[in-house]
Amino acid sequence: MELVYTGKTKNVYKLDNGNYMLLFKDDCTGENGVFDPGANTVGLTIKGVGCANLRMTKFFFEELAARGIKTHYVSADIENCTMEVKPAKMFGDGLEVICRYRAVGSFYRRYRAYVKEAAELPAYVECTLKDDALGDPLVTGEGLEALGIMTPEMFTALKAQTRLIAGVVKEVLARWNLELYDIKFEFGYVGDEVILIDEIASGNMRVYRDGKYVEPMELAKIVLGD
């Protein structure tokens, strides 16, 4: 296998069949040892979180497939913490998309003069360009068009897919009396079709139960029945 990308939480390898393999690591995004799914730096390492994230990703990707929602997922090898995926092009050098149901994290830090912490939000979608040096700057749909990163039609599809998939995750988590506050996705495209790529993991979402934050490993245990 050929290593093509070393990321914060996973490495990417090219397979002989034209697909790619993602190797999940135990690193989590955050700052000063505190987990933050919206952070652009590795803040801590949690033993076993890589495979837990893979198991969660497998669980949710297969849930989406059962509902007819396309992703780049092919299969998962839990023992080796790897996932095979179909090739898809990134938007620019990478685009992160967050769907927010509550005002927490960076959203609250930016807009706290206008909103109370944990106030309800209407599945608010925001995008950031993956750029560690610039702190993953926010970008609008018009900005993405002006920069030549995506068309208005693609941005409309991206927002619709984000809300659809986040809604599925929110619905599924509610089975365990868990509330999704926000979740981070990555999307790519094949032709003109926008599809979900990367992962749907406990390390990329904030989830609360009875008003108390649920840590990523604990979340995985609850959902996966460990």
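Tutor: Two strands pair if DSSP finds at least two bridges between them. Helices (H or I, at least four residues) and strands (E, at least two) are DSSP runs, numbered from the N terminus. This is a predicted model, in which local features need pLDDT of at least 70, side-chain atom pairs count only at pLDDT 80 or more, and totals for chains, interfaces and linings use all residues. Residues are numbered from 1 along each chain as its sequence is written, and side-chain values use heavy atoms, with hydrogens and water left out.

Student: What makes strand 10 and strand 11 a pair?

Tutor: Seven bridges join strand 10 to strand 11 (residues 120-129), and at least two are required, so they pair. The two run antiparallel. Cysteine 99 has valine 125 of strand 11 as its bridge partner.

Student: How do you know that strand 10 pairs with strand 13?

Tutor: Five bridges link strand 10 with strand 13 (residues 179-190), in the antiparallel sense. Arginine 100 is bridged to aspartate 182 in strand 13.

Student: Why is strand 10 called mostly covered?

Tutor: Buried means under 20% relative accessible area (exposed is over 50%, partly exposed in between; 1.4 Å probe, protein chains only). Eight of the eight residues of strand 10 (residues 95-102) are buried.
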